[in-house]
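Here are a few notes from going through the model, for you to check against your own view. I've kept them in numbered points.

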Amino acid sequence: MRNPGGVLSNLLRRAATGVRDLALVTLATTTVLFFLIRLTGDPSVMIAGESATPAQLAQVRAAYGFDRSLIEQYLVYAGKVLHFDMGVSLQDGQSAIHKVLQAYPATLMLAAAAITANIVISVPIGAWLGQSRGAAARVVRIALNVLQGMPGFVSALLLVNIFAVGLGWLPSVGYGRPETLILPVVSVVSFMAPKLIRVIEANTSAALRSNFVRTARSIGASNRQILWRHVLPNALLGAIALIGAEIAAMLTGLVIIETIFAWPGIGWLLVQSTLNLDFPVVQAIALVMVVSVFLANAATEALQTLADPRLRTKGRPE
């Protein structure tokens, strides 16, 4: 019989471990990033301008604290991070974290649309390939090999050239209208779907050779019942980890796609802030990315635990 006290204790222990890991990852990331981006250039020149006099540069450094030692700057920065204060943008004086949170919904919208399309496309194709050996399946596998070897930005540029420049059917840039989502989402799905399809195909093929499938066939279950009730749920268990990894990658790795399509997410903001040496905004973006990836991984682990009963008993005291 399951012990409610033991389950609660296990959940609290996992939550405490997660909070500790998040704090350590955040501390390590913000520390390394703080010192690394100081090596990219002098932000005082960017603020005061290339033609600024030494006196003007000295005034800017004193105003923003750049005249202090790196250790002093880091201690001030760390104290502000503890209070969720990432400073102000060196470009326009807005709160750095506010600028990032303003751009974040656009990235979340693109990531949500892409992962939904990825699942809707990949699951049926992967399940079909897992039980198919005909000529059509071979053609699809060849197409997947081609797509898997093509970088996402190449697909994006091809799509823009064909559907926006050539045919004029879809906008190449823009945000806020449904049609502006199509080309960015297709670009993301074109390089993510082949991996997920391959995993589902392999898991489906392995599940079809399992004993529980033979048992289901022996009691008269149809091929459709075997696929949807027995094979696919088991095949998706292994795919959950990859879907979680793809979500984490999209929350941090849509920089090129957002730049190509002028999508106003945190990837596009990261490029602009890096080019302008806007350190506070870059640091705020890094912090938001770290927390997002951590939460995505934690949600994936929780979903795997809910989906797979074997994981719920793993590590439980006898």
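1. A cut-off to start with: a residue counts as buried when its relative accessible area is under 20%. Bear in mind, too, that this is a predicted model.

2. With that in hand, take alanine 216. Its relative accessible area is 5%, so alanine 216 is buried. You'll find alanine 216 in helix H9, which covers residues 211-218.

3. What does alanine 216 touch, not counting residues up to four places away in sequence? The list is Ala221, Ile226 and His230.

4. Next, asparagine 118, which sits in helix H5. At a relative accessible area of 1%, asparagine 118 is buried because that value falls under the 20% limit. Setting aside neighbours within four places in sequence, the contacts of asparagine 118 are Val189, Met192, Ala193, Leu196 and Glu246.

5. On to the largest nonpolar core, which has 70 residues. The members touching the most other members are Met86, Val100, Leu110, Val188, Met250 and Ile285. Helix H5 (residues 96-130) supplies the largest share of this core, with 13 residues.

6. Leucine 110 deserves a look of its own, as one of those members that touch the most others. Neighbours within four places in sequence aside, leucine 110 is in contact with Leu181, Pro184, Val185, Leu254, Ile257, Glu258 and Trp263.

Note on methods: Residues numbered from 1 in each chain as written. Predicted model: local features only at pLDDT ≥ 70, side-chain atom pairs only at ≥ 80, totals over all residues. Heavy atoms only, no water. Helix = DSSP H or I, 4+ residues; strand = E, 2+ residues; numbered from the N terminus. Buried < 20%, exposed > 50% of the residue type's maximum accessible area, 1.4 Å probe, protein only. Contact = heavy atoms within 4.5 Å. Core = buried A, V, L, I, M, F, W, Y, C linked by side-chain atoms within 4.5 Å.
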